[in-house]
Amino acid sequence: MKSTTRALIATALVLGVAGTAALPASAAPPAPVSAPASVSASVQAPNPALEAAIAGLPNDRATAALVRVGGTESVWRGASGVHDLESDRPADPDGRFRAGSVTKVFTAAVALQLAAEGRLDLDRPARSYLPELIPGRYGKVTVRQLLDHTHGIPAADFAGDTVEEWYTNRFQIHDPRKTVRSATAKKPEFAPGTKQHYLNIGYTITGLLIERVTGDSYEHQVAARVLRPLGLRGTYFPGTDPRIRSPHNHGYQRMTLDDGTTGLRDVSVWGTTDGWAAGDIISTTADLERFTQALFQGRVVRGPLLEEMFTLPKVADFRSGDPAAFSIGLSMKRLGGREVWGKTGGRWGYNAAIASTRDGARTLVYSVNSTDAKGQDMNEVALKLMLATYGMPSA
């Protein structure tokens, strides 16, 4: 049973939940937080597995969950848990949340749009666009390699090694250019194009590339090209504001508190400038569902460039040696006998994901208010949602 659980967790992780710093696996499990809240669901097709996946919240793993399953096969919407632990009010199904690395899908889409317009060449060295920022040792790294994580540039350095230290620095403002300089000052992890290592840094550089070739801010380009055309009114970039604009369900993280005890701390207010074009977007399940469906229908990126998002590089993972799992913006795993493409994201207090079969027949969007959103293992509620939607892993 334990080996099966580990296999399922590994399967879920391949969709991208472990892209940033994680807490040690030895961290103590969270304690129960409150009495269970009932599941509220609007269903076109009943799904006991999905209902069971989010039942009993809040618990020691999550305080709330918002879910939308769509596509041509079925529609299911559910919400469970609480808005916050103090009031015990039911979770707001329309609440905003931090979507973390789901941001990368938006960034990739804009980069591919610019490629379609001839303003960004995927096979051109990134240094040719940003010669003052990218040093010669990374002169052969192409735009494509930034987007599919085969660039070999190591992660940037950020202050802190524990969640408590990161919490202390939660309002620190990070400049993307300084982030890039921190990363590129180090030696390459591998020759570009020879391995894959999922990291944020490639997308931080891509955000700067978007600004260079458009002469506009990254945030405005995403808004003009994706958010406004699709009517994603609940989605925005917070910039230096550490708050989530209302309404939103509070996020909590287990950590050492001021009195020395271990418990849950409200981490809803936390700056995200370290993520920027790789992980700072705030959204809703309704908006992400609309975005996912439009993307897979070819209404965001069109033609051959859309296929870039469904093409895995033929290299091995830097750490595991397994075949590459990430394309440009997305990742793929076979679940229930079908290819499922998607992207997960994690910010403190929040786990999110978008996923879909290639034909768009079944889409999944969720936000889970995880009490260990950046732990090494995928949140149990999120894992159950993925498997209930698509089925067990398959070869």
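R302 lies in the loop between α9 (285–296) and α10 (304–307). Helices (H or I, at least four residues) and strands (E, at least two) are DSSP runs, numbered from the N terminus. The model is predicted: local features need pLDDT of at least 70, side-chain atom pairs count only at pLDDT 80 or more, and totals for chains, interfaces and linings use all residues. Residues are numbered from 1 along each chain as its sequence is written, and side-chain values use heavy atoms, with hydrogens and water left out.

**Around R302**
- R302 counts as exposed because its relative accessibility is 58%. Exposed means over 50% relative accessible area, buried under 20%, and partly exposed in between (1.4 Å probe, protein chains only).

**Around A79**
- A79 sits in strand β3 (residues 76–81).
- A79 counts as buried because its relative accessibility is 6%.
- A79 and V368 are 289 residues apart in sequence, yet 9.8 Å apart in space, C-alpha to C-alpha.

**The whole chain**
- The chain has 11 helices and 13 strands.
- Of its 395 residues, 56% count as buried.
- Among contacts (heavy atoms within 4.5 Å) with a separation of 6 or more, 71% link residues 24 or more positions apart.
- The accessible surface is about 15800 Å², and 51% of that belongs to carbon and sulfur atoms. Accessible areas come from the Shrake-Rupley method with a 1.4 Å probe; for residues, only the protein chains shown count as cover.
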